[in-house]
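Q: Please take a close look at one part of this structure, a pair of packed helices and the charged contacts beside them.

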Amino acid sequence: MEEVAEGLWGLADHHEKKGEIGKAVKCLEAICQSQVSFLPIVEVKTRLRIATLLLKHSHNVNHAKSHLERSQLLLKSIPSCFELKCRAHSLLSQCYHLVGAIPSQKQILNKGLALAASSGEGFSAKLWYCNFSSQLANALIIEGDYQGSISALEGGLDCASAIFYPELQLIGSIMIQCTDKRAIFSIVAVHRTVTLDSLVFSAVKVVCNMYVANFRLRLVDQMFFATSILHVHLMQWDDVNLVEGAVNKCNEVWESIQPDKRQQCIGLLFYNELLHIFYLLRICNYKDAAQHVETLDAAMKADMQQMQHVQELTKELNALNLSLSRADLQYKERSALSKKQAQLEEQLNNITGHSSAGKESLEPAYFGNMKRAWGDKLELAPPPIDGEWLPKSAVYALVELMVVIFGRPKGLFKECGKRIQSGLQTILGRSLYLGDDNVLFDLVPSLAFVMLNPSNMLSHLKLRKPLDYGFKAKIQSLNNCVFADELVKLGISDGVREVDLQHSAIWMAGVYLMLLMHFLENKVAVELTQSEFVEAQEALVQMRNWFIRFPTILQACESVIEMLRGQYAHSVGSYIEAAFHFVEAGKLTQSKSMQAMCQIYAAVSYICLGGPESSAQALDLIGPVYQMMDSFVGVREKTTVLFAYGFLLMRQQSLQEARVRLATGLQITHSHLGNLQLVSQYLTILGNLALALHDTGQAREILRSALTLSKKLYDIPTQIWVLTNLTALYQQLGEKGSEMENDEYLSKKRADLQNRLHDACSSIHHIEIIDKSRIQVHQLHELDVKRAMAGASMRVNLDIPESVGISASAPAPSSRLMDLDIGRRGKRKI
């Protein structure tokens, strides 16, 4: 019967290569359904293969889980088969993860760790120990157990460090430095792992070189765990010293990898650089972070060029294969084409790192229902660890976002506009209409300093192994609403809501939805800075609509949306409504930093209202933040609260004290943040103060600098503010000509702003955005939430081939948001 099984396995492989996954599964299930019993090992291998196909090509996680659970029962009666047992544990863990059964996942992973620790398999066991450690860390993160996750990762790091045996280290070291055969024989005499009878110098040298290369490969494993530990520390951030220690550990391991090897670890390169950027953003070290952004941007462009080269080679190879399939080819012509074919295959093999003839690992290198090609993956560690953080498109979008963040303070708004469009195109799959290409953008609305907190971004990015992705966005295109193919693959089409998602699609959909919201958030801020209020309304309404459709996945965005509603209201002069939305935004977040920023924004709105009562309300909001401003990580909160407090003191006529506070804040802003708009507004107030103190010389110099910056930033409200102060200055100095010229320019700016405000107030979205009420979200009923438990895929007979849902039409999507998931989603930080 073994021959029958091998035949069916081969036929299944044939169908899989042709993309006929349903037929491949039927071939394999024929073995499981056979009336004649096969050996347990044959059935185990078959069920593992079925589970792998289902995880790669379908949403049938429950079917895969059932096959794997059956395999585990069969493996209990087999004393050996260590590799198969580990693969079954790992795949079953992935299934439990996808269905949200975290307790079961932790249980199976702990069993896997015990199996790896107790076996005598040596090298292989350590690799599997690393695999289980990384998966356990991710499971613990879902439950908010940061310390447990770090402990699991540290165990994996220790294991990865111990993989390189002392004997091999000694052999490799001497072989590199010495070619004396006697030295080799002396080593073998001590370490009896190689027999003297079979010892040949050249062969031993090859073996030793292989061990040295293997050592370098294991450094990659160590780097995988080091970066994962840093990721968790960035999420938790209990102690800045612990975070700094994790950063230093990453640097230490990364530097131990040779430069040429680092370039081959493209996934680790992106992961490590992005984590360093998040860390440096958090501590407001923009200067050092900019270097990492440049490295990332260059790596992304180089990788895109390489992928284009691979596509060209693949296209040429396909054409060559087509020519070779002709039956009328002459011998010489066929020989030449075959030689060219071998050259092309070798080139592709050198780039992609694997042979087209090689067999794939039985275990999928990722979670999800879509098989991603080599070019779509950024692996962090080799099999069987199979580490992967995010798909390449998501990483590319993050890189674009980082370029926007660092281009904004420098005033590189044309580049920012291109990157925002590029990021959205990466996510949605085609070019989008983002407004007039000639409009240059800044991301900080006047008097409301939106500074992206990297911790908000990190909290929605998984530690490793995401699903494939896709969602449908209603973004205005040049023609009509656009639909990305990947969205349909996740079952997200127009009108589909969170409750309709396949459970296996939730996590990766969340990653891309969060990236989409970040780009839209930046777009809102960009448009507000330019006083393009109608465009800001449209982007903000899109954010609101996405949140209404996916309220649990986008739960963290509710406070951001409220904050942006406050930004909009403040920009159009509705200060009471702005203060309301800022206060509400602070209530909706647990981030101390976000709460502090919202209080400061609300205080600025109250100050703009004027009057003693509003000033008192502003002071009540500023006071607590001012008292604790040095307790925050970085200087983001300190610079904004100093601005607001100085602004308030100026309104209260405490001019000298205001001058001291503002000068301090300006110096910190210029040194650490380099935010040109915040600097221009600092300068505007300081110029006003100098004017009030009759220091006309300093006032002229400061106000001219402020006007130059505000023009560079296309910040119309700040320009009007500066021009008003310049008019007062010219009046004091009696410079009638300058005053008239300044007034004429000021009148044009005011008329321009009034026209924009009129268009905004005439829009149908204006009232609903500034309305003093929170967004109303449809609450899921318990029946809706638990519908997944009664889904069609859980009621079918697992032994019926048609039940796999590949060849047959898929059932209507049912809810996969179980109450178990909703309870934990708020705790999931990676």
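A: What follows describes the helix pair and then its salt bridges. This is a predicted model, in which local features need pLDDT of at least 70 and side-chain atom pairs count only at pLDDT 80 or more, while totals for chains, interfaces and linings use all residues. Residues are numbered from 1 along each chain as its sequence is written, and side-chain values use heavy atoms, with hydrogens and water left out.

The axes of helix α1 (residues 2-17) and helix α2 (residues 21-33) come within 7 Å and cross at roughly 170°, which makes α1 roughly antiparallel to α2 (a term for angles over 145 degrees). On the α1 side the contact (heavy atoms within 4.5 Å) is made by Ala5, Leu8, Trp9, Leu11, Ala12, His15 and Glu16, and on the α2 side by Ile21, Lys23, Ala24, Cys27, Leu28, Ala30 and Ile31. By class, this contact of α1 with α2 has 11 nonpolar, 1 polar and 2 charged residues.

Glu16 also forms a salt bridge with Arg49, the closest N and O atoms being 2.1 Å apart; a salt bridge here is a side-chain nitrogen of Lys or Arg within 4 Å of a carboxyl oxygen of Asp or Glu. The pair links distant parts of the chain, with Glu16 in helix α1 and Arg49 in helix α3, 33 residues apart. The side chain of Arg49 meets that of Asp13 in a salt bridge as well (3.4 Å, N to O), and these two residues are 36 residues apart. Arg49 counts as buried because its relative accessible area is 17% (buried means under 20%, exposed over 50%, partly exposed in between, with a 1.4 Å probe and protein chains only), whereas Asp13, at 26%, is partly exposed.

Notes. Axes are lines fitted to C-alpha atoms, for helices over the stretch in contact, and angles run from 0 to 180 degrees between N-to-C directions. Helices (H or I, at least four residues) and strands (E, at least two) are DSSP runs, numbered from the N terminus. Angles under 35 degrees count as roughly parallel, over 145 as roughly antiparallel, 65 to 115 as roughly perpendicular and the rest as oblique. Ala, Val, Leu, Ile, Met, Phe, Trp, Tyr, Cys and Pro count as nonpolar, Asp, Glu, Lys and Arg as charged, and the others, Gly among them, as polar.
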